[in-house]
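Hi everyone, thanks for coming. Let me put today's model on the screen, and then we can walk through it together.

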Amino acid sequence: KRMEQALKFSEQRFKNIAQSASDWFWETDKDHRFSYLSEKANSLLGMPLMNVLGKTRLEVVNRQQLEDDAEKWQQHEDDLNNHLPFKDLVYVILSDDGIEHHIRINGVPVFDDNEDFQGYQGTGTDITDHVRVEEALRDSEERHRNFAADVAHELRTPLAVLRSHLDNLSDSR
């Protein structure tokens with residue numbers, strides 16, 4: 001009875017942590033198909049969990065991303081096939097309302113008592129706001145560089161004319 005109570009307590013503790021975490025939890029089976037996503041994934045990503053469950057990550061990701069960053073995705077697939085942990089895999093998914101979400105995931109392989117591979121478990125984080133802030137900073141820096149270059153260019157001609165006049169004055173004395 002004590003073991004049963006300890007198990008219930010442990011399960012409730014995990015549920016409480018999962019519900020209060022800013023990240024979400026996911027799990028795949030041995031074929032790398034999503035078998036579990038915490039409810040937080042649904043609210044953060046704006047898509048029904050049924051759109052993801054039963055699919056592999058490579059089926060969920062936009063095909064263009066797979067082509068644009070083929071080396072990254074090949075490395076990820078190699079890690080999965082070799083049952084290696086992975087950290088900070090960043091990619092974009094499109095929610096049902098057409099909004100791009102930048103997410104970062106981490107995962108660890110899970111093995112049973114016989115050391116047979118069972119799948120992966122991990123966490124996901126929506127980093128969309130962070131990515132947007134970085135993009136805005138880069139855009140701002142670019143605008144400032146362009147403004148400085150424009151000001152320098154606009155000042156060169158008048159300064160060159162002034163220098164020429166000063167040189168002529170010096171020569172005429």
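Let's start with His 32, which is buried at a relative accessible area of 16%; buried means under 20%, exposed over 50%, and partly exposed in between, with a 1.4 Å probe and protein chains only. His 32 sits in the loop between β1 and β2, and has a positive phi of about 70° although it is not a glycine.

Quick housekeeping: this is a predicted model, where local features need pLDDT of at least 70 and side-chain atom pairs count only at pLDDT 80 or more, while totals for chains, interfaces and linings use all residues. Residues are numbered from 1 along each chain as its sequence is written, and side-chain values use heavy atoms, with hydrogens and water left out. Helices (H or I, at least four residues) and strands (E, at least two) are DSSP runs, numbered from the N terminus.

Where is His 83 found? Look in the loop between α5 and β3. Phi of His 83 is also a positive value, near 60°, and His 83 counts as partly exposed because its relative accessibility is 29%.

Now the inside. The largest nonpolar core has 20 residues; such a core is a set of buried Ala, Val, Leu, Ile, Met, Phe, Trp, Tyr and Cys residues joined through side-chain atoms within 4.5 Å. Those with the most contacts inside it are Trp 26, Leu 37, Phe 86, Tyr 91 and Ile 105. Two or more residues each come from β1 (24-28), β2 (34-37), α5 (70-81), β3 (86-94), β4 and β5 (117-126). The largest share, 4 residues, is from β3. In soluble globular proteins, nonpolar side chains tend to be buried together.

On to the surface. Patches are made of residues with over 30% relative accessible area and no salt bridge, like charges being joined within 9 Å and nonpolar side chains (Val, Leu, Ile, Met, Phe, Trp, Tyr) within 5 Å. A salt bridge is a side-chain nitrogen of Lys or Arg within 4 Å of a carboxyl oxygen of Asp or Glu.

Glu 100, Glu 134, Glu 135 and Asp 139 gather in a patch of negative charge. Helix α6 (residues 128-172) gives the most to this patch, with 3 residues, while Glu 100 is found in strand β4 (residues 100-111). Glu 100 is partly exposed, at 46%.

Finally, Leu 162, Leu 166 and Leu 169 form a nonpolar surface patch, with about 280 Å² of accessible area together, from the Shrake-Rupley method with a 1.4 Å probe. Leu 169 is in helix α6.

Conventions: Lys and Arg count as positive and Asp and Glu as negative; His and the chain ends are not counted. The place of a charge is taken as NZ of Lys, CZ of Arg, CG of Asp or CD of Glu.
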